[in-house]
Amino acid sequence: GFSNQLIPYFRYLAPRIEGDAALAEDYFKALQVLVRPGVAETQAILARELSANSNEAARLFRQSTDLAREIEQVRIGTKALSKMQQTPDVAGRLADLGTRLANLEDQQLRTQAKLSEFPEYRVIAPRALTLSEFREGLNADEAYARLAVVGNDIFMFTASKTGAKAFRVDMPTEDLEFMVDVIRASISTNEAGQIVTYPFDVETSHKLYSALIAPVAAEMADVRHLIFEPDGAMLRLPLDLLVADEASVQSYLARTADPEADAYDFRGVNWFGRGRTISTAVSAAAFVDAREAPTSAAAREYLGVGRNVPVGDGSGIRALAISGNDTCGWTASEWNRPIADDELFAASQIVGADESQVLVGEQFTDDGLKTKDDISDFRIVHFATHGLVTPPRPACPARPALLTSFGGEGSDGLLTFQEIFDLDLDADLIILSACDTAGGASIEATRAAGVGSGGGTALDGLVRSFIGAGGRAVLASHWPAPDDFDATERLMSEMFRQGRTRELGWALRASQAQLMDEAATSHPYYWAGFAIIGDAARPLLSPKLAADHSADAADQPIAAVAAE
């Protein structure tokens, strides 16, 4: 309801902020007021999780909560006394309350200053920024873009180091939802239990580019790194695969008019993501936190986990354990389609055996991960498993989680987002090479996962949990990771090879470029599924390991990719 009340404000400001620094500041502040309802719900769940813990962050959080209550009680008492006849006694009591309030507020400031050092607190109580503060961390070739759904209106705001612009997108939210649905259906759709891919809809993709990006194309021309904060249906679609010119569309349509032409060959298409890196941000403050976060102090480089053990038809009852009944539990079939572990071993070999550990099959359990006392020793934690983000049935509550093997007594074969939040991580990167860990989900799933409006995604909840647990960035999939043509294994392997000497974003982009430029894997299904949530400008591998591989820099095609 409050969002709807802001519609006239955004309509008024949007065309007026260009060249007006004060109005741009106001607009940026107003954008940060727009918190999706499900985000607040996720923060409440994680706040309860934090409060129940026994570490220093939990102690300070409980202390801050108690102080907030005392402060409110003193304020209420002060207001009540101020309405009374002002006798010397009342004046004295007011003075005492004023002193007490000042002391409590001072304690609260000091407590929250200490709390802000803990990532698990920052993800449940994110701060607001001024535009000037946000710009301080931007480089000259970087820009920020925020898509905001306000009622049935859509607004786009962009800001660089020196300028800002906003406009009202010329389409209602229903049209945006429809266009994203059409594009998603051409990438990956489930038909009778099988993932089916159709020729990518370049026409709709370009129409979406024309609506969202074309009005700021001049501002984007020299941007090498775009920080994009999505909303609504765009939570379900990476910007990378928008087609940036009409010529690409016409060329593809003309070529595929021949009945014998390969409709799945998209080489030569001018993708918006080619030649730039894109970071996805859950908020402006979250991006700043990711950029300012210290590099991991972990002693080892890589932990890969995945390929759960199938449970078989006879063990399905254990798969229902999470709900305690057979109505809203997952069936055994979810555990009986494990994701291959090839990408884990390939990445491990590139990083080096001494720097790596891979846990698959019976070693990959929920209770094993929760009790792994050296999990904070790894800079990169890579999950190759399914993400269960939609509820088993529409009437059931969603419990977003990563699927694991079953462990000992009490194991439910799931690592829930609350359990993820309690992990003791010190990771620069979390990789979720899973089904739809950043992709489409039902409305029920979106609320539990952290997003309550506009399209539905598990991105915010799972990411918020991993960041709160001590991760700096998350690489998550928008749709089921493809197995054919070894596309996902090749994507990950090349990303790690590029990451020896390159930043995360450019390492991923160089790897994607190789798939883009091969006919068999040029469809966005194979290369566009992964989003970097955090700061794509951070290094992929540690400085020590990167230095060991610096001699390989001449083999990296990234310079050519960046120059395109």
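A pocket, as I use the word here, is an open set of grid points with protein on both sides within 12 Å along at least five of seven lines, and its lining residues have an atom within 4 Å of a point. I note at the outset that the model is predicted.

**Entry 1: second largest pocket.** I looked up the second largest pocket and found about 440 Å³ of space in it. Its lining comprises 25 residues, and Arg122, Ala286, Asp289, Ala290 and Ile467 lie nearest the centre. Which helix provides the largest share of this lining? I recorded H13, with six residues. Helix H7 (119–122), helix H13 (284–292) and helix H18 (459–469) each contribute at least two residues. Sorted by class, the lining has 14 nonpolar, five polar and six charged residues.

**Entry 2: cavities.** I searched the whole structure and noted five cavities of 30 Å³ or more. The largest cavity has a volume of about 160 Å³. Of the 20 residues lining the largest cavity, Asp240, Ile278, Thr280, Ala531 and Ile532 lie nearest its centre. Strand E7 (277–280), helix H20 (504–516) and strand E16 (530–533) each supply at least two lining residues, and H20 gives the largest share, four residues. I counted 13 nonpolar, five polar and two charged residues in the lining of the largest cavity.

The second largest cavity has a volume of about 50 Å³. Among the residues that line it are Ser477, Trp479, Tyr525, Tyr526 and Trp527. H21 gives the most to this lining, with three residues. The lining of the second largest cavity divides into nine nonpolar, three polar and no charged residues.

Leaving aside neighbours within four places in sequence, I found Met234 in contact with Leu147, Leu176, Val180, Leu208, Leu212, Phe228 and Leu239.

**Entry 3: a three-stranded sheet.** I traced an open sheet in the order E11-E12-E13, with antiparallel pairing. Strands E11 (387–388) and E13 (414–416) are the edge strands. Two bridges join E11 to strand E12 (residues 401–403), and Leu388 has Ala401 as its bridge partner in E12.

Conventions: Residues are numbered from 1 along each chain as its sequence is written. This is a predicted model: local features need pLDDT of at least 70, side-chain atom pairs count only at pLDDT 80 or more; totals for chains, interfaces and linings use all residues. Side-chain values use heavy atoms; hydrogens and water are left out. Two strands pair if DSSP finds at least two bridges between them. Contact means heavy atoms within 4.5 Å. On a 1 Å grid over the protein atoms alone, a cavity is a set of points where a 1.4 Å probe fits but cannot get out, and a pocket is an open set with protein on both sides within 12 Å along at least five of seven lines; lining residues have an atom within 4 Å of a point. Grid points are joined across faces, edges and corners, and a volume is the space filled by probe spheres set on the points. Ala, Val, Leu, Ile, Met, Phe, Trp, Tyr, Cys and Pro count as nonpolar, Asp, Glu, Lys and Arg as charged, and the others, Gly among them, as polar.
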